[in-house]
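Subject: The two-chain model, handed over

Hello,

Here is the structure I promised to pass on to you. Have a look at it first, and then read on for what I found.

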Amino acid sequence: MNLALVWHYAPSLISGFGVTVLCWAVGSIVGLALGIVIALASEIRLAPLRWLLRVYIEIFRGTPFLMQLFILYNGGPFIGLKLAATTAGVLGLGLYSSAYYAEIFRGGFASVPRGQIEAAMSIGMTPLSTLLRVRFPAALVAAVPPIVNTLIVMSKETVVLSIITVPELMYQVQTMAAETFTAFDAIFAMAVFYWLLVEVVSRLGRRLEKRVTLFLARPA
Amino acid sequence: MHPQVILHSLGYLTQAAGVTLALSLAGIVLGFLVGAAACIARLSGRRWAAALGAAYVSIFRGVPLLVQLLFIYYFLAELGFNVPALVAAVGGLALASGAYQAEILRGALNAVPRGQSEAASALGFAPVDVWRRILLPQALRISIPPLINEFILLLKASSLVSVVGIAELTRVSMNIATMTYRPLEAYVGGGLFYLAINLCLSGIGLLAERRFGKAGAI
């Protein structure tokens, strides 16, 4: 390992890390929000809408993320959609992950016992407050573990953004490797770094899991 | 949109889809062997073997596949081994997938109720027979649906192999995009191939889940 070299490239590596985390965070928020909307919208009893949402989910889950990015970033300008690399990357990550989150939330909502919803309605709660105070918290019990899992998967997918030239960590590492001929150091450092990131996120995820299941632990 | 671009390159795309399928198949089969070894190591009861298995799973699930691929490709080159891109690609896919498959197999073994192996031991089955006749037949059945799911994920992940220059579906789509200067059509065409393969696979997965899904449902 050549520490002087890594030190020299530290500013660009740190900025790359910042871009990675930012793309991941914003993309995940977009994906989670879209996922909830899709899960709720597919409860509407309107066959064409359900059919459309199913196709959306199958397309985004059935094709590689890299392909979707290419279509968005390279194909977009041909239908008047000109996006900067980072915007395309964040949007792509949001769309891609939304299909997974939609399925997770659908499963989560399905896991809420019907009796709880009926009980909420029978004591006069509005549909909105039933959703916010009964269905959503109960759905999170089933949804949080797979959400954390998907968050981790998506943090690793951000690496793919380097291929469409988003200046995230992988991109900076590859630039450094190309300029200094020290592919080994750069990629090794990055592997360690990602591994640590994933460990931290999965630990935080386990905590979150404890938090959302707290109400279950109350004595009956 | 000029759909004729897709029609013109249909031959190339079909061929490339075959390469993608072959790469993923090789990755999943080799990965199964690696995964089974890691799973056995974790359950062997020997502390160093269990630690080794756990470290393998943690590292290969924690590091992005693209990083692993470039690492194998460059690292071995730096050591003086001239690894053909194909070997790096299949090896990378197999190692990454093996870590996930190890966990699938471990979960499936845990899903066989403990009482069964205890009952078998009580009846005088040798440990080998407990594995051969009680644990493995059930665990393998349980693991079929998640293994098909893993195959779908690996097939999508195999698009990253394009960066080491293998002419699979993604790479060929890129080439068509540069040759025709019609990226939208080229990538939509490639994407449709992925979609078709994956829809078939998830159909097979649903059938398998209906047939093998539940523990003890034999």
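Among the contacts in chain A between residues at least 6 apart in sequence, 75% join residues at least 24 apart. For chain B, residues 24 or more positions apart account for 76% of the contacts with a separation of 6 or more. Please keep in mind while reading that this is a predicted model.

Now to the chains themselves. Chain A has nine helices and zero strands, so its elements, by the DSSP runs used here, read α-α-α-α-α-α-α-α-α from the N terminus on. Of the 220 residues in chain A, 37% are buried. Along the principal axes, the C-alpha atoms of chain A fill a box of roughly 70 × 50 × 25 Å.

Chain B also comes to nine helices and zero strands, and its pattern along the sequence is α-α-α-α-α-α-α-α-α. Here buried residues make up 44% of the 218 residues, and the box filled by the C-alpha atoms of chain B, again along the principal axes, is roughly 70 × 45 × 20 Å.

One helix pair in chain A is worth a look on your screen. How do helix 7 and helix 9 of chain A cross? The axes of helix 7 (residues 127–157) and helix 9 (residues 183–212) of chain A come within 10 Å and cross at roughly 170 degrees. Because angles over 145 degrees count as roughly antiparallel, helix 7 of chain A is roughly antiparallel to helix 9 of chain A. On the helix 7 side, the residues that meet helix 9 include A:Leu140, A:Val144, A:Val148 and A:Ile152; on the helix 9 side, A:Leu197, A:Val201, A:Gly205 and A:Leu208 are among them. By class, the residues of this contact between helix 7 and helix 9 of chain A divide into 13 nonpolar, three polar and two charged.

Finally, the place where the two chains meet. How many residues does each chain bring to the contact? It takes 27 residues from chain B and 27 residues from chain A. On the side of chain B that touches chain A, helix 3 (47–62), helix 4 (65–78), helix 8 (169–180) and helix 9 (183–212) of chain B each supply at least two residues. Helix 9 of chain B gives the largest share of that side, ten residues. Sorted by class, the side of chain B that touches chain A has 19 nonpolar, six polar and two charged residues.

Best wishes

Definitions and conventions:
Residues are numbered from 1 along each chain as its sequence is written. Chains are lettered from A and ligands numbered from 1 in the order in which they are written. This is a predicted model: local features need pLDDT of at least 70, side-chain atom pairs count only at pLDDT 80 or more; totals for chains, interfaces and linings use all residues. Two residues are in contact if their C-beta atoms, placed from the backbone, lie within 7 Å. Helices (H or I, at least four residues) and strands (E, at least two) are DSSP runs, numbered from the N terminus. Ala, Val, Leu, Ile, Met, Phe, Trp, Tyr, Cys and Pro count as nonpolar, Asp, Glu, Lys and Arg as charged, and the others, Gly among them, as polar. A residue is buried if 20 or more other C-beta atoms lie within 10 Å of its own, exposed if 12 or fewer, and partly exposed in between; C-beta atoms are placed from the backbone. Axes are lines fitted to C-alpha atoms, for helices over the stretch in contact, and angles run from 0 to 180 degrees between N-to-C directions. Angles under 35 degrees count as roughly parallel, over 145 as roughly antiparallel, 65 to 115 as roughly perpendicular and the rest as oblique.
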